[in-house]
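Q: I'm new to reading protein models. Could you walk me through one, feature by feature?

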Amino acid sequence: MVSVESVKERLNAGDFKGALERARSLDDPLQRILALSLVMTEFPREEVLSEMLEAVEKVTGTYERAIAYSLVGRAFYILDREKGGSFYFERAVSLAKSLPSPRLRGEALAGIARNLVLADRYGDAYILFSEAVDEIQRARGLSSRALETLRRVARLIEKSADEIPNEKALAFYRLARDIYDSLFFKLQAKHLSDKIALIEDVLKHGRAVVTELIEKGDVERAIEVMRFLPLEDRAVEMLHLSYWLFLHERPYLARKVFNDALDLILVGKFQPRDGEILSIARKMLKIGRLEEPLILAGVIRDVGLSSELLGEVALAYSRKDPARARSIAEGIRDESVKRRVLNALEGGEDVGHEQGLPLTGGGEGDRALPEDG
């Protein structure tokens, strides 16, 4: 049976066409738009937006159409068509505010606010979430359903805050905490108060807070608050975390964090300090990781430091794959380092690196850094 979940399955398998076909075949127009919005998120295409525009006018019910319009608005933003996105979000809000029940008004406004967050319109989303809470608060004395709606909205605000990559998330966390407080959900309120305090600490003291979390093995909280660091610091801390995860035998997550850090470095307009990259790469070599230091050698701008690292990687590879080791050595740009490494690989006497000496020779090379950079 075709469902929104089956569309997710196709997307998880990387099957865009299959996901689109399943989304198209859903009879309920709102469910179809929900499924198409999932496809749009993973595979932004004009044809998906066209399908959504066709389905949206078939949605019946004021509440349902308000949500549908906000999904279409977000789709426009995904395609960088801000004017169309704003138009549909405005239509969504107008419909939501026309609902007769304050509980339904609040619930609809919260749903629209959620899509505004996903469209990166954080300021507008916060205002709308606040209005949603005010509406539902008016209905609290009328039904237990209003209380349950308020709880769900608080959770939606918290979830949205978790996905906002900067200090604007704090306002959302505070709003959710205040709702939990009003509902006497003390544990949830305490959890958010602790999270807010930690984020404020990161914003004030920077990387030191995240480093301490990693060293304590508090991986989840470290990952959670890294997004509040400047991009350069975030990338370096992610590499530190990747090393920690490899060290503690969590290779799948370690590789994911490493790749995310690398993407951040390659796409971002910044460059971490070469010494820090070298230090992390050497730590990875010490625990038997070879591919990651090889990749990091390409990130280091300084030819001397990059050459040293490549030499160390080549010598490490020589124990398991001599051909690969020689290929890496041939690619070393610093000729003096290249000669030393090739000599070592061929069984020469100059194998100072394996005795812990810098590859630049004599122990006097000013490019050689201690492991901790």
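This is a predicted model: local features need pLDDT of at least 70, side-chain atom pairs count only at pLDDT 80 or more; totals for chains, interfaces and linings use all residues.

Q: Is L229 buried or exposed?

A: The idea is to look at relative accessibility, where under 20% means buried. L229 has 4% relative accessibility, so it counts as buried.

Q: Which residues is L229 in contact with, leaving aside neighbours within four places in sequence?

A: The contacts of L229 are V202, G206, R207, V210, R234 and E237.

Q: Stepping back, how many helices and strands does the protein chain have?

A: The protein chain has 20 helices and zero strands.

Q: Why is the protein chain said to be more spread out than a compact globule?

A: We compare its radius of gyration with what the globule rule gives for 373 residues. The protein chain comes out at 27 Å, well over the 21 Å of the rule, so it is more spread out than a compact globule. Its C-alpha atoms fill a box of roughly 85 × 45 × 35 Å along the principal axes.

Q: How many of the 373 residues count as buried?

A: For the protein chain, the share is 49%.

Q: What about charge: how many positive and negative side chains are there?

A: There are 56 positive and 62 negative side chains, and the centres of the two sets lie 5 Å apart.

Terms used
Residues are numbered from 1 along each chain as its sequence is written. Side-chain values use heavy atoms; hydrogens and water are left out. Buried means under 20% relative accessible area, exposed over 50%, partly exposed in between (1.4 Å probe, protein chains only). Contact means heavy atoms within 4.5 Å. Helices (H or I, at least four residues) and strands (E, at least two) are DSSP runs, numbered from the N terminus. The radius of gyration is taken over C-alpha atoms; the globule rule is 2.2 Å times the number of residues to the power 0.38. Lys and Arg count as positive and Asp and Glu as negative; His and the chain ends are not counted. The place of a charge is taken as NZ of Lys, CZ of Arg, CG of Asp or CD of Glu.
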